[in-house]
4 protein chains.
Amino acid sequence: MTDKRRRRLPRSVREQEIIDAALGVFSKRGYRAAVVDEIADLAGISKPMVYLYLGSKEGLFIACVRRESQRLAAAFREAAQAGDSPEQRLWAGLGAFFAFVAEHRDSWVVLHRQAPEQGEAIAQEIADARRSVMAEVNGLVRDGITKGGEADRLGEQEADFVAHALVGAADSLTDWMERHPGEPPERVTVRLMNVMWVGMRNVLVGEVWVPPQHDA
Amino acid sequence: MTDKRRRRLPRSVREQEIIDAALGVFSKRGYRAAVVDEIADLAGISKPMVYLYLGSKEGLFIACVRRESQRLAAAFREAAQAGDSPEQRLWAGLGAFFAFVAEHRDSWVVLHRQAPEQGEAIAQEIADARRSVMAEVNGLVRDGITKGGEADRLGEQEADFVAHALVGAADSLTDWMERHPGEPPERVTVRLMNVMWVGMRNVLVGEVWVPPQHDA
Amino acid sequence: MTDKRRRRLPRSVREQEIIDAALGVFSKRGYRAAVVDEIADLAGISKPMVYLYLGSKEGLFIACVRRESQRLAAAFREAAQAGDSPEQRLWAGLGAFFAFVAEHRDSWVVLHRQAPEQGEAIAQEIADARRSVMAEVNGLVRDGITKGGEADRLGEQEADFVAHALVGAADSLTDWMERHPGEPPERVTVRLMNVMWVGMRNVLVGEVWVPPQHDA
Amino acid sequence: MTDKRRRRLPRSVREQEIIDAALGVFSKRGYRAAVVDEIADLAGISKPMVYLYLGSKEGLFIACVRRESQRLAAAFREAAQAGDSPEQRLWAGLGAFFAFVAEHRDSWVVLHRQAPEQGEAIAQEIADARRSVMAEVNGLVRDGITKGGEADRLGEQEADFVAHALVGAADSLTDWMERHPGEPPERVTVRLMNVMWVGMRNVLVGEVWVPPQHDA
DNA sequence: CATGAATGAGCATTCATTCAT
DNA sequence: CATGAATGAATGCTCATTCAT
């Protein structure tokens, strides 16, 4: 950046730095608008190094998507493992997911907001990443809500539906957070659970909302 | 395009056709990747005409955003007006919103998925559009949930929070719908209400979810 | 070039001018070293026009190869048609070929000297062009030498061999001509016939050269 | 490359290996398209070594041209020395030349096919090399054909003309050979003599081919 | 002696935008 | 009103060449 003049770094370190820089630029500008020169500048190296390490702009993008989707999925699994009860595990997992989305804005934007219309390889990679993240949430939802009996179990489709709603809500709430800087991520998580979990639970209990009828 | 050879159209009609074309292209490709040539082709006119009508690529984009955000907001208001009870109005409004998001994929993508980092004018326009849409939902949520008494009223912040969650969930569920083509939008709306409304209502009643404690 | 400021030319004319320019640059520099900017400058237009008309550097090259190989083959056929006897037709054909090679140095260099290692499409195009030129010479050689009887006919292989020798000799002699500016192409043609035709004819007559034996 | 790990080689040997590699790459790709990295890889050493030994890409090319033109000229001289009669010497010399061209494809391509438009130093070197090779052939032709008497002697110009024709024919026939793998180089040499020598000899004897006249 | 790490400069290609008709 | 023709200004990518070790 500023001070790093002609440092000789081992490949693995440099590579991570480049991916860091790329993530920031792709997130801020989008795939097409991102300029490799800017990534190189941000990484404190010259463009040819970027190409030596990651091969192409597409390679840069794919590297970002891969690394970040793995990080996100890992954050999930680790948090969810720590819980005692299913509810706790879901809460912990959602908290981790939400914290990740809130903190690693760049990662999330690249993973979720980039339109998957950038050529076959990229579209595939994005699709894979999203699938893997969604699968993690989906698993949490199913495990969390299932209270043991077979009857409690939400069907595959239901869980998927809820997972999408959750992920979408969390995503959108990152915007909300930016306009409410005072709110700590934990409170946001609780609030989201407030709205979503109760609904999910009641759904299980059979308390289902029905469309109101027009007054006769 | 197909049959439209050298038609003489009134300014207003032609302009709408151009915006239609632009919307499709911006949605499919994203702002940067969108190519004005393609928009002109799709509109069945030459590029200079596009520039004559909308001035610039940025002008095209802004026109899309303005028109679609107005349409979306209008769909809201109209649907919400028709309801008898607050709950009904919320349901109708959400249904309209959801139907719009599901049906007008292009509009929604341009309105919500485009990163607002494409220059000052565009960023402003996108921000405005999102604010206006969110305000509409926000109003519905406040009206819908407030059952009359002052005590029932969710605070400004709460409503905004819920509105964000709703919009995000709905957005994300458009992806879900694409993978479940059999589900009609109405069922998706009901399902979303299933999860969200019950939660929202219970929140009002005071039944608040609390983070589970670790076993001592 | 110099005076052509912002001329509006019909596509077909401009296209030929661009190919003219490209031919000169490819000939002078070789495919890789050729710079599209130089071609554009030489054609008196901007680079985007070049791409609009011929699509790519490869497209430029292929257009050159196609046009020039057709011109060369046509020059052949026309000249050879005019002759009365086979010998005359061969002489006329060779003269035309030789005049073409000598006059259109650029065409010949692009057709014959460019290494066929520039990617599949180009290699194929070059190979096709060479084959077509060689086939023309080959046909002349066979027709020219064949004096009617079946016995006189050189086999396919022989004709091909002779054609290669002829073409190579003519090619090489263009260098010689550049160092002997006084020699008119006609004299060079005669000289080449002097050496080659007599050999070819004698071969037919059975007067075959045999390797000299070492003195015992 | 394969087994050569960190071998310590004397300068002269390593240098030859580098030139070997360079020759292959320059021949296959042409000067511009040749990439120094590939040369270094092929030589089994790192790029800085290449630069240490030969100084620059241009230096590599010049080294190739020098070494190969000397080899070719030497092959000539040696073969021509062994002959008893002038005819025998010419035949032997041409055979050597032809064998060289056919066998050392790379050398010949670099020497003869590379466009001499790559900068002053290279152009000069290529020109020198070609001149020296051509001088050798020229000498053979003059010596070979001259049967003693002054009258038999072809003029300087004639010999040069014939030399160019010979070299060009031989060059072109290397292409022919690639499509007729069964033909041994010796037969090709004989065949070439068949066509060329008889013509050359007859020219000396005064049997000159004259352009056929149109039928009156 | 030998190399992994690094870069300045160049080139093919694209695209928003504007004239001349 | 409408368009074909044209371009300036990027941007992705490559390559000869050089340090620091």
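1. In chain A, ring pairs join A:Phe26, A:Tyr31 and A:Phe61 into a cluster; rings of Phe, Tyr and Trp (its six-membered ring) pair if their centres lie within 6.5 Å, with planes under 30 degrees apart counted as stacked, over 60 as edge-to-face and the rest as tilted. A:Tyr31 also has the charged end of A:Lys57 over its ring, 4.9 Å from the centre (NZ of Lys or CZ of Arg within 6 Å of the ring centre and within 35 degrees of the ring normal).

2. A quick caveat: this is a predicted model, where local features need pLDDT of at least 70, side-chain atom pairs need pLDDT 80 or more, and totals for chains, interfaces and linings use all residues. Residues are numbered from 1 along each chain, chains are lettered from A and ligands numbered from 1 as written, and side-chain values use heavy atoms, without hydrogens or water.

3. Chain C has an edge-to-face pair too: the C:Phe26 and C:Phe61 ring centres are 5.0 Å apart, with planes at 85°. C:Phe26 is buried at 0% relative accessibility, and C:Phe61 is buried at 1% (buried means under 20% relative accessible area, exposed over 50%, partly exposed in between; 1.4 Å probe, protein chains only).

4. Back to A:Lys57: one of its polar backbone atoms is 2.7 Å from a phosphate oxygen of DNA strand F.

Technical notes. Polar contact = N/O pair within 3.5 Å; in protein donor to acceptor, adjacent residues only side chain to side chain.
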